[in-house]
Structure formats: structure tokens, C-alpha cells
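Colleague: I would like to go through this model with you before I set anything up. Could you take my questions one at a time?

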Amino acid sequence: MVSSTSTAKTTISTKKSTSSHENNGATNIPSLTSPTENASSDLLHVPSSSLSMTPSSPIVSLDDPKALKSQIQRLRKDLLFAQANMREEILRESRLFENRLTKTEREAIESVFQKYDKDNDGEISIGELGNFFKALGEPLTEDETHEAMELMSRTNTSGKIQLADFINFWIATHKNGSRNSAFIQKFKMANSVLLKAENEFNINNIRFHRSGDEFSLDYRVHFYYMEGQELRRISAWHDIPLYNTGYGENATIFNYVNEIPKYTRAKYEIATRESYNPIKQDVRNGRVRFYQHGDLCWNYGMFPQTFEDPSHVSPETGCPGDNDPIDVIEIGARQIPVGAVVPVKLLGVIALIDDGETDWKNIAISVNDPMAHLLNNIDDVDRELPGLLNAIREYFRKYKVCTGKEENSYGLDGRAMDRKFAVKVVFDTHMQWKKLRETQRAPTPVFTPQPKQKHDDTVFEKEIDTKESLRQGAIQ
């Protein structure tokens, strides 16, 4: 939600263009050329009348310096007046464009714009544009940055971008404007981030502390949250929010906790029965476990604040939940360290039945992966990464055969369901997690904040050392 304070500030900076048209609380837009879905221009229509300058007196002779100086001053005033008129006309027409925006979208855009308005003057620097989209998770190439700058600054030579410029550009690249075909894939994630609800929890403030020797019974990855210069211990399962952007069926980005890096086989998992739920290596018969079937060719982890309830029988599989957080397969190109918390796009889901239990496998990709802008639904995975979904299915179908067990099976005929279906599955497990917490049936103590402690760089780490944490010498 955008606070009323932040929304009000942006509104004040643009209100002068609407005050004369207000009627009983509604804005009465003057008759202008209305933009359409097939507009021929990338930018808002600017009436030629707003560009005209009529000197208040005829041009004087160059032989009269005093009169010439006076005329130059009048021309400067006329130019400023024309520019002001042009900006006002653009702002008025932008409100016609805003009819394509929902209230949530409009408020989110204003909120993001305000964050980059360093001087609180209703403008942001064009030079900030590259950093702006990088912060949104969609870094632009140099050419794309220049093109975006050109689109936003075509009617503005001040080197600044006003809210109307930004709304115009945003609609042209997200709302089927005439530039849509050029930017729609590139800016899908930027669109999602603009709609992100404000959340006090910042995953960038998560810190890690490792204890015990790797590949030992004592190895743990503990999670902490930085508040100023102080730390508090948190549960990776219960305290990290599931939703990064949006909520429920409107969710666009999820927080993913990585347990097993790709190209490794040590079976790390959230310790659901330990206080604060650190990550540990799974144990069977007193020995740490490894995937004997072979290394995973993807990152593997879970969505926090989810639970596959063993008392709930899934209609898609006819089997109860597996008593764990819901699993996630991250298919990006990069190897993600143990414990890393990554914002991801959810693409689809597969209904694995493992030892008679429902064990959903969500397919996702990090928003910062080089291919993230190409993958938005499950069909995109088959197109861009042919054979990957089949490899995932076959791995989890057969990975226990080498231990003497039968092959696993799948619900829904083994089909990889689309993003919409997956979002609903995740939401359902989120509701099951809420029920778990409310009824105190969690297989871990209810989270109780620990006393804060001072940050010590020798103990706590912002990022786990990848080489050390992914050492494979003990893998067998």
C-alpha cells in the first residue's frame, strides 16, 4: 500500500493543472485528442497551439540595442509561457492515459517516482533512469537506456523527468501503447515491481551465521535480520515473507529460500523441528544424506510461510501433504548459495506424488537471471529451455530407485501446470501455513524474537562464501 502521505506529496506537485477544472470533486478534462490503443506517436499528443509564441511587439531593428534587449527579454518570457502551456497540456492528456491505470497502479507509480525525487521538486534526473530500472530488477543495456531517455525527454530539454513524462512512458511500454512491442518483454519485471506493496521487511537486511563443519551432523545456517547496527535472530520458515510483490492471485514476485545449490547433491533442508528453523543437512540412520541419483541440475529450495498440511488431501493427487514447506526448483543459470534469499518469478508447478504424499514442485526463476525477461509462464520454459521440464520430471520420478524404492508418480498426468495454477497452489499452502501457526500445531516452536545483539563482522556474514559452502570433496 502506498501511504497517504507519499501520495499526497506527488499530487501537490501536479495539482496546479487541474484546479481550474474541478467540479464537485471531479476533474473535468478539456476536449483534447484522446490517445487510442493504436496511437501513431510514442508520446502523448501535444497540441500545436501550446508551442506557438506570438511576440507582444514586432521584431525590432538590430541597430537599436536597447529595444533589442527588451525584445529578447519578452521572447524569453514568451518561451517560458509556451513551455509551461506545453507541460500543462501534456499533463492534462496524461490524465486521459491514466484512465488505463488502476488506482493501485497509479498510486504505485507515484510512490516510486517520489522515491527518486531527491529534491522534492516533482522531477527526477534523466541520468537516474539507468539506476532506476536496475533497482527494479530489469537493468537496461546502454542503447535501451538512451532510447528510454529519448522517449521521456522528447518534449523536455531540462534534463529532468516529471511525473507526466514517467506516466506517459510507463503506459507506452506496459499498457499496449505504441512502444509496447519494443519494451513489453524487457519491462515485465519493472511493471511488477512498480506494483509492489510496501513491506517493512527487506530481504537485503538478512544475514547468515554458519556453525559446525560442512557435511557434518552439526552444520547449520542460521538466519538473522539487521536493524540498523543490531541483529535479531529470525526463522527462515516463519519470518521471511512469502510475497515480495503483490499478494494471493495478484502476486508477481515471491521470496525464495535456497537450500541446495545446483550441481551439488548434499541434501540440505529447513530444520522444521528446530527453534528458528536453520538450514541443516538431512540425516538418516545417524548419517548425513546426499542425493545418490546424482547432482541436481537446478537450484532447489522452498517458499517461506507455506506448509503442505498432512491432514489436507489434494484433489489433484488424492494424497495428503508432505508436512513441509512447499518446494521450489529455480532454473536460472547461476548457482545460488545455501541459505540465499532470492526474489523469483513463479512460472508453473508439477504435482509430484512422493511416497504417497503430495509434494508440489514449483518452477521459478530469479528476477535477476539473464533469462528472466524471457520466461513468464510455463510454456516459455519449453520454448527457451527445451527438455528441461522433462528432465525435472524424470529426475524426481526415479531419484529414489537407486535406494531400493519404487518410482514416484505424478498427479495431473505429470503435466507442468501454468503460472496461474501455481499461484493458486502456493496461496493454498500459505493458508495452510497460517492455519498451522494459528492452531499452534507447527513442528517448531512459535517464533519469539530474541534480544537484539550487536553486529560482529567476524561472526555474521552478508553472503555465504560460495566456494567454501559448495565444496564437493565429501560428496559421495
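Modeller: Buried means under 20% relative accessible area, exposed means over 50%, and partly exposed lies in between. Arg-397 is therefore partly exposed, because its relative accessibility is 23%. Please note also that this is a predicted model.

Colleague: What is the mean pLDDT of the protein?

Modeller: The mean is 74, and 61% of the residues reach 70 or more.

Colleague: Where does pLDDT stay under 50?

Modeller: One such stretch is residues 1-57, for which the model has 94 contacts beyond four places in sequence. Another is residues 176-182, with 18 contacts of that kind.

Colleague: And the overall make-up: how many helices and strands are there?

Modeller: The protein has 12 helices and 19 strands. It comprises 476 residues, of which 51% count as buried.

Colleague: What share of the contacts joins residues at least 24 apart?

Modeller: Taking contacts between residues at least 6 apart in sequence, the share is 71%.

Colleague: Let us return to Arg-397. Which residue forms a salt bridge with it?

Modeller: The partner is Glu-394, and the closest N and O atoms are 3.2 Å apart. Both residues belong to helix α10, which covers residues 388-398, and they are 3 residues apart, about one turn of the helix.

Colleague: Why can such side chains pair at all?

Modeller: Side chains of opposite charge can pair when their charged atoms come close.

Colleague: Which other salt bridge does Glu-394 form?

Modeller: Glu-394 also forms one with Lys-398, where the closest N and O atoms are 3.6 Å apart. That pair lies within helix α10 too, 4 residues apart, again about one turn. Lys-398 has a relative accessible area of 34% and is therefore partly exposed. Glu-394 is likewise partly exposed, because its relative accessibility is 26%.

Colleague: How many salt bridges does a search of the whole structure find?

Modeller: The search finds 17. One of them joins Lys-280 and Glu-274, with an N to O distance of 3.9 Å. Glu-274 is at 23% relative accessibility, so it counts as partly exposed.

Colleague: Changing topic to the strands: how is β15 paired with β17?

Modeller: Strand β15, residues 327-330, runs parallel to β17, and 4 bridges join the two. Within this pairing, Ile-329 stands opposite Ile-363 in β17.

Colleague: Which strand is joined to β15 in the antiparallel sense?

Modeller: That is β14, residues 299-302, which is joined to β15 by 4 bridges. Tyr-300 stands opposite Ile-329 there.

Colleague: Are the faces of β15 covered or open?

Modeller: Both faces are covered. Asp-327 and Ile-329 lie on one side, Val-328 and Glu-330 lie on the other, and all four residues are buried.

Colleague: How many residues of β17 are buried?

Modeller: In β17, 9 of the 10 residues are buried, so the strand is mostly covered.

Colleague: What does β17 form with β16?

Modeller: The two strands form a hairpin with 2 residues between them. They pair in the antiparallel sense over 10 bridges. As an example, the bridge partner of Leu-352 is Asp-359 in β17.

Colleague: Which residue in that turn has a positive phi?

Modeller: Asp-355 has a positive phi of about 55°, although it is a residue other than glycine. Asp-355 sits in the loop between β16 (341-354) and β17 (357-366). With a relative accessible area of 46%, Asp-355 is partly exposed.

Colleague: What about Asn-285: where is it found, and what is its phi?

Modeller: Asn-285 is found in the loop between β12 (283-284) and β13 (287-288). Its phi is positive, about 55°, although Asn-285 is not a glycine.

Colleague: Is Asn-285 buried or exposed?

Modeller: Asn-285 counts as exposed, because its relative accessibility is 75%.

Key
Residues are numbered from 1 along each chain as its sequence is written. This is a predicted model: local features need pLDDT of at least 70, side-chain atom pairs count only at pLDDT 80 or more; totals for chains, interfaces and linings use all residues. Side-chain values use heavy atoms; hydrogens and water are left out. A salt bridge is a side-chain nitrogen of Lys or Arg within 4 Å of a carboxyl oxygen of Asp or Glu. Buried means under 20% relative accessible area, exposed over 50%, partly exposed in between (1.4 Å probe, protein chains only). Contact means heavy atoms within 4.5 Å. Two strands pair if DSSP finds at least two bridges between them. pLDDT is the predictor's confidence in each residue, from 0 to 100.
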